[in-house]
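Have the structure open as you read.

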Amino acid sequence: VCKKGGAAVGIMALMGTPFSPEQLEEIRRTAEKQGLTLRMMEPSASYPKGALEDCEVLLGYFPRSLLKGAKNMKWMHLPSAGADKYADNGLYDGHEFSLTNSSGAFGAAIAEHLVMGTLMLLHRMPEYLRQQRERVWRRVGDLRFLGQSQVTVLGTGNLGSTFARYCQAMGARTEGVSRRGAQVEPFSRVWAMYQRLEAVKHADVVAACLPLTAETKGILDHTFFRAMKPGAIFLNAGRGKTVDQDALIDALQTGHLGGAVLDVAQQEPMLPECPLWNMENVVITPHISGSDLDPWNTQRIFEIFMENLRRYGQGLPLKNVVDIRNGY
């Protein structure tokens with residue numbers, strides 16, 4: 001759905017956006033040239049159900065309760081890459097519009113985070129950090145190296161492919177797993193999702209970079225973790241609900257897995273009583289690897305949105321369109 005010409009003035013509503021005053025001013029100027037007036041809305045405020053009824057464009061994170069009232073919306077852009085909270089036709093009473101996301105803004109930041117966590121576990125840094133606090137100078141055992149590892153990545157989009165490139169730069173061999181198994185760079189091989197158990201059988205490192213959809217919810221279960229190579233490391237920077245967390249805990253407690261790097265959890269915040277907190281071979285971060293508040297990421301979100309805003313004004317197809325049926 002693209003903006004049509006005419007003298008009418010539309011409303012572009014912004015809520016919860018990460019942009020600087022300078023970036024917001026550039027958005028305002030560009031929008032006004034296209035007949036759009038900015039309306040800044042506070043995330044914490046209480047709005048009536050019809051607060052978005054006169055809005056043509058939405059930018060940011062809006063309460064789901066308001067979206068059914070956005071009867072004249074033609075386009076909504078998300079500052080996030082994940083769209084699972086908004087990929088629900090029931091939110092919009094079935095009216096047609098374009099939903100776009102900021103996929104491509106976070107790949108480098110999250111890939112660096114995954115490489116960091118992988119190296120920490122391969123080089124046993126949690127154990128050495130504990131020894132440092134205890135003032136102990138002792139070798140804890142043999143190390144493993146990313147440069148000699150087989151890395152399998154679930155999800156071959158921007159995040160998964162960027163992580164694979166970083167691993168390859170350090171000498172790792174990389175394979176991917178995607179919905180249909182279509183071959184894409186930089187993976188030497190891409191397996192279809194139904195082949196995932198075979199795909200992880202020989203991997204030293206398995207990284208989950210999956211969106212949350214009806215097909216991926218809970219897909220990484222007991223069977224999946226049992227199929228992984230003994231001693232392998234599991235990483236998750238996609239969505240926590242793609243993992244059966246009890247199955248992951250069991251695989252770690254029994255020693256089948258060598259460790260895990262988790263930036264997401266089945267329930268966020270992770271519950272204080274969750275056993276994962278106390279495992280020395282688990283690195284936990286609170287969903288921060290791809291924050292839209294980090295300047296580099298914010299600039300990329302801004303660039304992605306501005307390109308689409310110009311395309312919208314020119315009546316061109318938008319980029320980063322989310323298929324609401326698939327959730328990504």
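One cavity of 30 Å³ or more is present in this structure. The model is predicted. The largest cavity holds about 60 Å³ of space. The points below cover its lining, then a pocket, then a helix residue.

**Largest cavity**
- Residues lining the largest cavity include Asn-236, Gly-240, Val-243, Gln-245 and Leu-248.
- Leu-262, Val-264, Ala-265, Gln-266, Met-270 and Leu-276 also line the largest cavity.
- Sorted by class, this lining has seven nonpolar and four polar residues.
- The lining of the largest cavity has no charged residues.

**Second largest pocket**
- The volume of the second largest pocket is about 250 Å³.
- Its lining is made up of 14 residues.
- Nearest the centre of this pocket lie Leu-212, Thr-213, Ala-214, Glu-215 and Asn-326.
- Six charged residues are in the lining of the second largest pocket, along with five nonpolar and three polar ones.

**Thr-162**
- Helix H5 spans residues 158-169 and contains Thr-162.
- Is Thr-162 buried or exposed?
- Thr-162 counts as buried, because its relative accessibility is 12% and the cut-off for buried is under 20%.
- Which residues does Thr-162 touch, leaving out those up to four places away in sequence?
- Thr-162 touches Gly-107, Ala-108 and Ala-111.

Notes:
Residues are numbered from 1 along each chain as its sequence is written. This is a predicted model: local features need pLDDT of at least 70, side-chain atom pairs count only at pLDDT 80 or more; totals for chains, interfaces and linings use all residues. Side-chain values use heavy atoms; hydrogens and water are left out. On a 1 Å grid over the protein atoms alone, a cavity is a set of points where a 1.4 Å probe fits but cannot get out, and a pocket is an open set with protein on both sides within 12 Å along at least five of seven lines; lining residues have an atom within 4 Å of a point. Grid points are joined across faces, edges and corners, and a volume is the space filled by probe spheres set on the points. Ala, Val, Leu, Ile, Met, Phe, Trp, Tyr, Cys and Pro count as nonpolar, Asp, Glu, Lys and Arg as charged, and the others, Gly among them, as polar. Helices (H or I, at least four residues) and strands (E, at least two) are DSSP runs, numbered from the N terminus. Buried means under 20% relative accessible area, exposed over 50%, partly exposed in between (1.4 Å probe, protein chains only). Contact means heavy atoms within 4.5 Å.
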